[in-house]
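Have the sequence and the model at hand as you read.

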Amino acid sequence: MSELKPYCHEVKYYECDRMGVTHHSNYIRFMEEARIDWMDQLGYGFERMEAEGIVSPVMAIECNYKRTTTFKDVIEISIKVASMSELKISFSYTMKVGGKIVCTASSTHCFLEAGRPVVLADRFPELHTAILSSVQSN
């Protein structure tokens, strides 16, 4: 598999607070946008995953803000699989503007089918293989 491209998000005016700085809560949404793009690049988008009955809710999330961003900044978000077990996956994110790190973050998710934990490799081997191939290309 070829290397996955970073996701880019241009900060919108409504994402900024009264001081003109991107509100901290938006970075969580940017992470979700990056995960959706990452899945699309794997060839196993969220629509397909959910159509096949699997969801991947957030179990934990952490953001470490390094620099502020403002309206019209383009945030380049690199996402990598930090760890993966039978039931959970953790991602690390590096967000940059103009080559400078503005935020580092992580999120952990589980896999559920009909509200119950599912072993991805057993129930959805194609998705499991796609994720593993992305880890090997990192």
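The side chains of H9 and E33 are joined by a polar contact of 2.8 Å; a polar contact is a pair of N or O atoms within 3.5 Å, where within protein one must be able to donate a hydrogen and the other to accept it, and residues adjacent in sequence count only if both atoms are side-chain atoms. Please keep in mind that this is a predicted model, in which local features need pLDDT of at least 70, side-chain atom pairs count only at pLDDT 80 or more, and totals for chains, interfaces and linings use all residues. Residues are numbered from 1 along each chain as its sequence is written, and side-chain values use heavy atoms, with hydrogens and water left out.

**Around H9**

- H9 sits in strand β1; helices (H or I, at least four residues) and strands (E, at least two) are DSSP runs, numbered from the N terminus.
- H9 counts as buried because its relative accessibility is 5% (buried means under 20% relative accessible area, exposed over 50%, partly exposed in between, with a 1.4 Å probe and protein chains only).
- The side chain of E15 also makes a polar contact with the side chain of H9, at 2.9 Å.
- Leaving aside residues up to four places away in sequence, H9 touches E15, F30, E33, D73, V74 and I75, where contact means heavy atoms within 4.5 Å.

**Salt bridges: E10 and K72**

- There are 5 salt bridges in the structure, each being a side-chain nitrogen of Lys or Arg within 4 Å of a carboxyl oxygen of Asp or Glu.
- One of them pairs E10 with K72, with 3.3 Å between the closest N and O atoms.
- This pair links distant parts of the chain, 62 residues apart: E10 is in strand β1 (residues 7-10) and K72 in the loop between β3 (58-65) and β4 (74-84).
- E10 is partly exposed, at 32% relative accessibility.

**Salt bridges: R48 and E126**

- R48 and E126 form a salt bridge whose closest N and O atoms are 2.7 Å apart.
- Because R48 lies in helix α2 (residues 46-51) and E126 in helix α4 (residues 125-137), the pair ties together parts that are 78 residues apart in sequence.
- A network of salt bridges links R48, E52 and E126.
- R48 is partly exposed, at 28% relative accessibility.

**Salt bridges: R123 and E113**

- R123 and E113 meet through their side chains in a salt bridge of 2.9 Å, N to O.
- R123 belongs to helix α3 (residues 120-123) and E113 to strand β7 (residues 112-113), 10 residues apart.
- R123 is partly exposed, with a relative accessible area of 40%, and E113 is partly exposed at 23% relative accessibility.
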